[in-house]
Amino acid sequence: MGKMKIYGVPMSRAFRTLWMANELGLDYENVPIHFADGTAKTPEYLAINPNGKIPAIDDDGLKLWESMAINLYLAKKYDKGLWLTSPEAEAQTMQWSVWVMAEVEKPALAVLMNRFFRPEDQRDPIAAAEGEKQLQAPLKVLDQALAKTGYLIGSAFSVADLNVASVLSWAKAGRVDMSAYPHVDKWLTAALQRPAAVKASPRRS
Ligand SMILES: N[C@@H](CCC(=O)N[C@@H](CS)C(=O)NCC(=O)O)C(=O)O
């Protein structure tokens, strides 16, 4: 069995998968496919992810793409206690993972791109403000969910927390004001300080 390959530079959605793999203590090779330099569009890479996007993995011949699907698979297969096995908890893990992609990812990216990521002359402050406005409703939902135990499911950090926090890291990087959502603020800061997240972070590379 060859070493698992995780395709995608850390400064991309591959961060989510690198964080997961680090939590699980996996021995992997990070192949630095980039979203903007053409390496994601070569025939060799399209054979791994026909969408030409990152992240993707090759785990002993299983080629998988979509960041949330990859993380759910890794957590379940290489379980280190982060995967909750009851049908109810599994369903809630899916719920939060789908929710963050549907409700949070797009506005969080709009804020980050238009405040920091794009060259200054291409940033649109109105789009950034609109993104922050759209984040208010999901942030409120999240804050309420975290109020009881400080975690999304049960009373310990699990895959649901990782998946949601990994997407919300864009909102934090985009300096979204979280002061009205103290539970989110505390939980997100602590999650992103986990050694596995710090190790996966593009700031290190
Ligand atoms: N829904 C996908 C989105 C993947 C995605 O769009 N990745 C970006 C980098 S963060 C990319 O590869 N973009 C290249 C392109 O769209 O051509 C996932 O979560 O894995």
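How do the residues of the lining of the second largest pocket divide into nonpolar, polar and charged? They divide into eight nonpolar, three polar and two charged, where Ala, Val, Leu, Ile, Met, Phe, Trp, Tyr, Cys and Pro count as nonpolar, Asp, Glu, Lys and Arg as charged, and the others, Gly among them, as polar. The model is predicted: local features need pLDDT of at least 70 and side-chain atom pairs pLDDT 80 or more, while totals for chains, interfaces and linings use all residues. Residues are numbered from 1 along each chain as its sequence is written, and side-chain values use heavy atoms, without hydrogens and water.

**Largest pocket**

- The largest pocket has a volume of about 990 Å³ (a pocket is an open set of points on a 1 Å grid over the protein atoms alone where a 1.4 Å probe fits, with protein on both sides within 12 Å along at least five of seven lines; the volume is the space filled by probe spheres set on the points, which are joined across faces, edges and corners).
- Its lining holds 35 residues, and P10, M11, S12, R13 and W170 are the closest to the centre (lining residues have an atom within 4 Å of a point).
- Two or more lining residues come from each of α1 (14-23), α4 (87-117), α6 (159-173) and α8 (195-200) (helices are DSSP runs of H or I, at least four residues, numbered from the N terminus).
- Helix α4 gives the largest share of this lining, six residues.
- By class, the lining of the largest pocket has 19 nonpolar, eight polar and eight charged residues.

**Ligand**

- The ligand sits in the largest pocket (more than half of its atoms lie within 2 Å of the grid points).
- Around the ligand are S12, R13, R16, F35, K41, K53, I54, P55, E66, S67 and M101 (each with a heavy atom within 4 Å of it).
- This shell comprises four nonpolar, two polar and five charged residues.
- A side-chain N or O atom of K41 lies 2.7 Å from an oxygen atom of the ligand (a polar contact is a pair of N or O atoms within 3.5 Å).
- For I54, a backbone N or O atom is 2.7 Å from a nitrogen atom of the ligand.
- In E66, a side-chain N or O atom is 2.8 Å from a nitrogen atom of the ligand.
- The protein buries 78% of the 520 Å² that the ligand exposes when taken alone (accessible areas by the Shrake-Rupley method with a 1.4 Å probe).

**Second largest pocket**

- The second largest pocket holds about 200 Å³ of space.
- Of its 13 lining residues, G150, Y151, K186, W187 and A190 are the closest to the centre.
- Helix α7 (residues 182-192) gives the most to this lining, with six residues.

How values were computed:
A polar contact is a pair of N or O atoms within 3.5 Å; within protein, one must be able to donate a hydrogen and the other to accept it, and residues adjacent in sequence count only if both atoms are side-chain atoms.
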